[in-house]
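Subject: Handover of a structure and its findings

Dear colleague,

Please find below the structure that I am handing over to you. My findings follow directly after it.

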Amino acid sequence: MENLKRNIFAILAVIIMVFSVTSFLLTFQKKMMKLLSDMTLQNISEMQELYAESLRNKFNDQFKTLHAQSAYFSDTDITDIDEIKKKATFALEIGDFKRIAVVNSQGVGVDLKGKVLPNMKNKVYFSNALLENEIKFSDQIELDDNLNPCLTITYPFKTKMNEKGVIAGFFSYDALKKIFSIPVFSGKSYFYLIANDGNIILCNKDKNKNLFNIDFYDYVRKNSGFENPQTSKLKVDIIKNQSGNLTLDGIEGKKLFVYAPLKINGWYIISVLPYSYIKNEQSQISILVYILLIAIAVTIFVFLLILYFLIKRSIAIKKDNERLTIASNQAQSLIFEYDAIKQKVDFSGDTHFILGTDKKSFDINFIRAEYFTRVHSEDENILDHLRKSLKDGKGTFSAEFRYKSFDNSFIWVKMTGSVIHDENGVFRQFIGSITNVNSQVLHEQELRNIADRDRLSYLMNKAAFERDARNYLINEGAERKSALIIIDLDNFKDVNDNLGHMTGDLAIKDAAKKISLVFSDRDLLGRFGGDEFCVLMRFNEGLSRDGILRIVNAKATDLVRSLHEEYINGDHKVNVSASIGIALYPENGESYEELFKNADRVLYDVKQHGKDGFRLCD
């Protein structure tokens with residue numbers, strides 16, 4: 001029987017070891033593939049930066065061409081058209097420009113073949129080039145005399161007679177494509193050149209079609225077949241002049257967009273690659289990863305038994321250390337005595353964890369300057385409470401607060417004390433104790449946080465939300481503006497009935513996440529059960545009513561848009577939207593109950609008038 005038990009134990013041990021090794025290897029393989037993916041994306045981004053730098057150098061060469069032409073006309077009276085024509089007949093056409101022209105300050109231009117151009121005086125980029133004395137580009141692709149698309153560069157210069165003018169270089173669309181024709185990624189990739197407002201200047205996606213002067217974001221959305229929320233990140237990065245990459249889903253499959261600022265005229269170069277490009281890059285290295293995994297598996301199997309006993313011993317040691325830590329924290333306590341006449345504080349006990357020294361006696365002013373400042377900023381009201389207790393001569397004082405210890409971490413401590421008066425009733429002494437209660441407080445906070453959370457949405461449950469909302473409106477928020485927002489998901493019952501409760505749970509989690517993204521950390525967010533959510537927006541002091549209304553309207557609009565979602569399970573689909581009622585404090589109620597009643601009333605009105613919207617309480 002004893003041998004049978006040992007054999008069973010051995011078999012179980014082998015099964016556990018095999019399972020542990022397999023789990024570790026799978027986890028390791030997943031992390032390695034993630035690392036490879038990150039490295040590939042980093043490499044692609046660096047290639048895009050080099051591509052942008054190469055294009056900048058090409059444009060700089062074109063600028064030098066225009067500079068050379070400006071030097072040639074520096075001694076010409078550019079106010080005289082005949083003089084320009086005469087000089088132009090001896091000029092050489094150089095560079096990749098389809099056409100080069102001299103334009104005087106009145107916008108009259110003559111090309112190097114002596115042909116007069118349409119007046120450029122009303123062109124914004126022409127005026128800015130003269131005014132700012134900087135190279136300027138046409139705002140978008142323009143059509144020349146023959147209705148051919150082209151891009152114009154204006155290079156400002158001054159003649160020896162101090163006359164202002166520009167050398168205008170005209171790129172044909174084909175010449176512009178040639179400049180951007182450096183092959184960087186796979187043959188299936190293509191690129192966009194866009195302005196910082198999203199206008200497409202150049203795209204080589206369709207070799208037989210010129211694509212320009214349309215909005216990049218609308219074009220991507222129409223070609224992908226649906227809205228991609230990730231494009232908002234691209235728009236923000238372009239506004240901030242940052243590089244990056246993101247993945248977008250579309251009808252043609254998953255695409256990788258790699259973007260970098262060209263650092264010329266606010267333009268951006270965006271390369272689009274099929275996601276398979278990354279997979280192909282990774283496949284060459286993945287074989288080495290699997291070989292490494294096998295080697296690690298063999299090594300782990302050899303040492304697994306030793307590790308098992310080490311871990312078992314380590315767990316025992318950890319438990320002992322936890323017991324010692326708790327015992328040590330509980331033992332950290334000191335007694336103090338404040339003499340109001342001598343203005344001194346004397347300590348006894350473990351002073352080091354609070355004072356950072358073994359010294360036992362201090363002047364009260366030194367205590368205020370050196371140690372009161374270590375109280376957490378959010379708990380400074382405790383010091384005011386202590387001063388008030390001493391001033392009023394109250395008998396006892398007790399409070400818990402956060403204090404920065406001398407390892408620069410905050411710990412929770414508890415201070416208790418009693419005021420002592422002389423025979424005439426004059427305050428003479430304050431005697432008390434300070435104890436480290438960090439472990440107990442953190443444990444209580446963890447339990448309270450678990451109890452206050454809705455298990456499905458991870459937002460506050462109804463009881464916790466109503467408790468905190470009432471406390472805020474009664475205390476800190478009594479003199480401030482607030483807004484109570486009730487959110488009810490439309491058609492949620494159809495999700496549970498037609499798509500199943502798993503999809504219903506997914507819809508609740510999805511809605512909770514979207515609500516969390518709309519509001520800030522200072523706002524209270526709760527789920528009241530079913531498909532109903534509640535938010536208490538807490539505004540800063542000094543914010544005007546108009547400012548509050550703008551914020552509330554913007555938040556509600558964002559909520560209605562983001563909570564509009566279609567859920568699908570097999571052949572069934574349900575469109576979920578949101579009806580929202582809003583009440584403002586104190587205009588629509590001076591208590592939580594009044595606010596909720598009024599917000600719920602206008603929510604009912606939204607439900608009765610078509611749903612999928614919001615309304616503010618009158």
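The lining of the largest cavity draws at least two residues from each of strand S7 (190-194), helix H5 (216-224) and strand S10 (255-261). Helices (H or I, at least four residues) and strands (E, at least two) are DSSP runs, numbered from the N terminus. H5 gives the largest share of this lining, three residues. In total, 15 residues line the largest cavity, and Tyr 190, Asn 223, Ser 224, Lys 255 and Phe 257 lie nearest its centre. The space in the largest cavity is about 150 Å³, and the count comes to three cavities of 30 Å³ or more.

Please note that this is a predicted model, in which local features need pLDDT of at least 70 and side-chain atom pairs count only at pLDDT 80 or more, while totals for chains, interfaces and linings use all residues. Residues are numbered from 1 along each chain as its sequence is written, and side-chain values use heavy atoms, with hydrogens and water left out.

The largest pocket holds about 620 Å³ of space. Its lining consists of 17 residues, with Glu 227, Asn 228, Pro 229, Arg 561 and Ser 562 nearest the centre. Two or more residues of this lining come from each of H5, helix H6 (231-239), helix H14 (501-518) and helix H15 (545-562). Both terms rest on a 1 Å grid over the protein atoms alone: a cavity is a set of points where a 1.4 Å probe fits but cannot get out, and a pocket is an open set with protein on both sides within 12 Å along at least five of seven lines; lining residues have an atom within 4 Å of a point. Grid points are joined across faces, edges and corners, and a volume is the space filled by probe spheres set on the points.

As for the chain as a whole, it has 16 helices and 23 strands. Of its 618 residues, 43% count as buried (under 20% relative accessible area, with exposed over 50% and partly exposed in between; 1.4 Å probe, protein chains only). The chain exposes about 34,700 Å², of which carbon and sulfur atoms supply 54% (Shrake-Rupley method with a 1.4 Å probe; for residues, only the protein chains shown count as cover). Among contacts (heavy atoms within 4.5 Å) between residues at least 6 apart in sequence, 55% join residues at least 24 apart.

The structure holds 25 salt bridges, each being a side-chain nitrogen of Lys or Arg within 4 Å of a carboxyl oxygen of Asp or Glu. One of them joins Lys 607 and Asp 490, with the closest N and O atoms 2.6 Å apart. Lys 607 lies in helix H16 (residues 592-608) and Asp 490 in strand S18 (residues 482-490), so this pair ties together parts that are 117 residues apart in sequence. Asp 490 is buried, at a relative accessible area of 0%, whereas Lys 607 is partly exposed at 23%.

A further salt bridge links Arg 527 to Asp 454, at 3.2 Å between the closest N and O atoms. Because Arg 527 belongs to strand S19 (residues 524-529) and Asp 454 to the loop between helix H11 (438-452) and helix H12 (462-474), the pair ties together parts that are 73 residues apart in sequence. Arg 527 and Asp 454 are both buried.

Asp 75 and Lys 87 also form a salt bridge (3.5 Å, N to O). Asp 75 is partly exposed, with a relative accessible area of 42%. In the loop between helix H1 (2-72) and helix H2 (81-88) lies Ser 74, which counts as buried at 18% relative accessibility. Beyond its neighbours within four places in sequence, Ser 74 is in contact with Thr 159 and Lys 160.

Most residues other than glycine have a negative phi, and most peptide bonds are trans. Tyr 585 and Pro 586 are joined by a cis peptide bond, with omega about 5°; Pro 586 is placed in the loop between strand S22 (572-585) and H16. Lys 263 has a positive phi near 60°; this residue lies in the loop between S10 and strand S11 (268-274) and is exposed, with a relative accessible area of 60%. Lys 611 likewise has a positive phi, of about 60°, and is found in the loop between H16 and strand S23 (613-616).

Yours sincerely
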